[in-house]
Amino acid sequence: RQDFTFAILKPDVTDKMREQILEDIRTNGFEIVYIGSPRRYTEEEAKKHYMEHKGKPFYEGLVQYIISGEIVPLILRKTDSRNAVEKFKKLVGKSDGSELNTLRNRYGVSIVPYKGGINIQYNKIHASDSMPIVLREASLVFTDEELKNIFDEDICLLIKEKLFLQDDGILKGTIGIDDLLKSLTLLQKEI
C-alpha cells in the first residue's frame with residue numbers, strides 16, 4: 001500500500017537549498033508526487049495552518065513568518081511501507097533542529113526574538129502530524145481539482161479502510177472524494 005504525507009518548504013528556503021532538500025527527501029525513500037507552485041499564504045490561511053498553536057505565545061510570530069515570503073507545498077509518498085506521515089516527521093526532526101541526521105538539523109533553524117522576550121524557532125521545513133492534518137493543510141494550498149488529481153488513488157484506499165474526515169478532524173466512516181472535499185471546505189470555513 002502506498003502512503004502519503006504533506007510538507008512545506010518555508011519562506012527562507014533558497015532555490016539552491018530547495019533542490020538539495022528535495023534530493024535528500026528522495027534519497028530517504030520518499031517519492032515527490034506533486035510540487036505545488038511557489039505561493040504566498042494569506043494571513044487567514046496561515047492562521048488555519050497553525051490553528052493548533054492559537055493562544056500560544058509564539059502563534060503570531062509563526063503566522064508572520066509563514067506569510068513573509070513564498071512557500072512550496074509538497075505531496076510525498078512512501079511506497080515501501082506504511083506511516084509516511086510518521087516517517088517523514090522523523091526525517092524532518094524536532095522543530096529546534098537538535099536531532100542529528102535530520103533535515104532541520106542539516107538545513108538550520110533561525111532563532112528570532114519576538115514580543116515579550118520570547119524566541120521563535122523558524123525552521124525551513126514543515127511536516128504534517130497526522131492524516132487529518134495532511135488533508136486540512138493540503139486543502140489550504142491546492143485547488144479542489146488539484147486535490148482530486150493528487151489524492152484520488154489514495155482516497156480510494158482510505159475509503160476501503162472506511163476512513164473519512166469529519167467536522168471534528170477525525171478520520172472515520174466512508175464517503176467519496178467529492179464529499180471529502182466538501183467536508184474539508186466546511187472545516188476551513190468553520191476555523
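A polar contact here is a pair of N or O atoms within 3.5 Å; within protein, one must be able to donate a hydrogen and the other to accept it, and residues adjacent in sequence count only if both atoms are side-chain atoms. The views come from a predicted model, in which local features need pLDDT of at least 70, side-chain atom pairs count only at pLDDT 80 or more, and totals for chains, interfaces and linings use all residues. Residues are numbered from 1 along each chain as its sequence is written, and side-chain values use heavy atoms, with hydrogens and water left out.

**View A. Asn123 and its polar partners.** Let's start in strand β6 (residues 118-123), where Asn123 lies; strands (E, at least two residues) and helices (H or I, at least four) are DSSP runs, numbered from the N terminus. The side chains of Asn123 and Lys10 are joined by a polar contact of 2.7 Å. A polar atom of the Asn123 side chain also lies 3.2 Å from the backbone oxygen of Ser95.

**View B. The surroundings of Asn123.** Asn123 has 3% relative accessibility, so it counts as buried (under 20% relative accessible area; exposed is over 50%, partly exposed in between; 1.4 Å probe, protein chains only). Leaving aside residues up to four places away in sequence, Asn123 touches Lys10, Tyr65, Ser95, Arg104, Gly108 and Val109 (contact means heavy atoms within 4.5 Å).

**View C. Lys78 in strand β4.** This lysine, Lys78, sits in β4 (residues 70-78) and is buried at 9% relative accessibility. Its side chain reaches the backbone oxygen of Asn28 at 3.2 Å and that of Gly29 at 3.5 Å.

**View D. Helix α6.** Eleven of the eleven residues of α6 (residues 131-141) are buried, so the helix is largely enclosed by the rest of the structure. Among them are Arg136 and Glu137.
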